[in-house]
Amino acid sequence: MKNLFIASLILFSVSAFAQESLVVDMVPQTTDNATQISYVVLIPQAKLKGVENNWNSHLSKDSKGRSSDDDGVHSQDNMLVKNISPDRFEIYSKMSETEKGVHLNVWLTQNGRALVSKTPESALDLAAKKYVYDFAITQYREAVQAELKKEQAKQKKMEGDLADLLKAKEQSMETVNENEREEKKTSAAIAVTNKDIDNAALDIHDQKQMVKTTASDPNAKKGAEKTLDNMEDDKKDLQKDNKKKNEQLDDLKKENRKEERAMNTNEQNVALKTAAIEAQKQTVHDVTAKLGNIK
């Protein structure tokens, strides 16, 4: 059952953390009553706010112009990316967040006109696609790095939890062993006291005979009665002491039963936690592999 549990978690992790492909598509779109090409990409796992900030910083490195935002469209003037064009141009972009990641749509203009090539897959198109792709792949890598960090932290916490469980188990075993040693000592002490009580009973019996024997002598009788009282008090003290020791013995046994129940529960939790850690290690392995495959 445990192996089946681990196998199911590993199977889930392999399917859940597989690397997603990242492709920049060229899509016709209408802007200002004109048709031009947009470079469109889905950045897996990314979050909108972070991508927006990084994209603005990315554009500003290649621009000496101003940037602005209008109705969800970001524009960056005075761009110079020589692989795309020897002359300066403008980049417009629009982003939206989906369940799978951030959808980035980019188009270019030059002097207010669409910057497009006359032939598909031209050097301009390839350079523009690469510009968008290089940014997108960096964002995807950062997202997976964040995912890996999160999964590693989860594994570390789980391993800490397991260490706590094992420590609790060890402490329970120490308590049980100590209590068992104390039980033996207490049982031995009770046995000794029981003998003392039996001896005291015999002595009291003899002393009662002494009281009867000295009945004719008031002074002797008084002394014998006082001795008898003291002996009976001593016997009561022994009985009280034994009662206390028996209560202590009951408490030790009760605590051990409690610790044994805790150890049984602990063993189950250790098995479950160990299985979960093995599955989490596989998850970390999968995310690490996914990160390594991002090129």
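## Exercises on a predicted chain

Asp-71 is exposed, with a relative accessible area of 72%. (Here buried means under 20% relative accessible area, exposed over 50% and partly exposed in between, using a 1.4 Å probe and protein chains only.) What you have above is a predicted model, in which local features need pLDDT of at least 70 and side-chain atom pairs count only at pLDDT 80 or more, while totals for chains, interfaces and linings use all residues. Residues are numbered from 1 along each chain as its sequence is written, and side-chain values use heavy atoms, with hydrogens and water left out.

**Exercise 1. Is the chain spread out or a compact globule?**

Step 1: list the elements. There are four helices and seven strands, and from the N terminus they run α-β-β-α-β-β-β-β-β-α-α.

Step 2: apply the globule rule. The radius of gyration is 43 Å, well over the 19 Å that the rule gives for 295 residues, so the chain is more spread out than a compact globule. (The radius is taken over C-alpha atoms, and the rule is 2.2 Å times the number of residues to the power 0.38.)

Step 3: The C-alpha trace spans about 140 × 40 × 25 Å along its principal axes, and buried residues make up 34% of the 295 residues.

**Exercise 2. Which residues of α2 are buried, and how are they arranged around the helix?**

Step 1: size up the helix. α2 has 13 residues and reaches 18 Å from its first C-alpha to its last, close to the 18 Å expected at 1.5 Å a residue. (That expected span is 1.5 Å times one less than the number of residues.)

Step 2: pick out the buried residues, which are Val-51, Trp-55 and Leu-59. Seen down the axis of α2, the buried residues fall within an arc of 65°, so they line one face of the helix. (The arc is that of the directions from the helix axis to the C-beta atoms.)

Step 3: compare with Lys-49, which is also in α2 (residues 48–60). Lys-49 has a relative accessible area of 66%, so it counts as exposed.

**Exercise 3. How many aromatic pairs are there, and what kind is each of Trp-55/Tyr-131 and Tyr-92/Trp-107?**

Step 1: state the rule. Rings of Phe, Tyr and Trp (its six-membered ring) pair if their centres lie within 6.5 Å; planes under 30 degrees apart count as stacked, over 60 as edge-to-face and the rest as tilted. The count comes to three aromatic pairs.

Step 2: take Trp-55 and Tyr-131. Their centres are 6.4 Å apart and their planes at 70°, so this pair is edge-to-face. Trp-55 is in helix α2 and Tyr-131 in helix α3 (residues 123–213), so the pair ties together parts 76 residues apart in sequence. Both residues are buried.

Step 3: take Tyr-92 and Trp-107. With centres 6.1 Å apart and planes at 10°, the pair is stacked. Tyr-92 is in strand β5 (residues 89–97) and Trp-107 in strand β6, 15 residues apart. At 9% relative accessibility Trp-107 counts as buried, whereas Tyr-92, at 25%, is partly exposed.

Step 4: look for a cluster. Trp-55, Tyr-131 and Phe-135 form one.

**Exercise 4. What does the side chain of Thr-109 make a polar contact with?**

Step 1: Thr-109 is buried, because its relative accessible area is 8%.

Step 2: find the partner. It is the side chain of Glu-90, at 2.6 Å. (A polar contact is a pair of N or O atoms within 3.5 Å; within protein, one must be able to donate a hydrogen and the other to accept it, and residues adjacent in sequence count only if both atoms are side-chain atoms.)

Methods
Helices (H or I, at least four residues) and strands (E, at least two) are DSSP runs, numbered from the N terminus.
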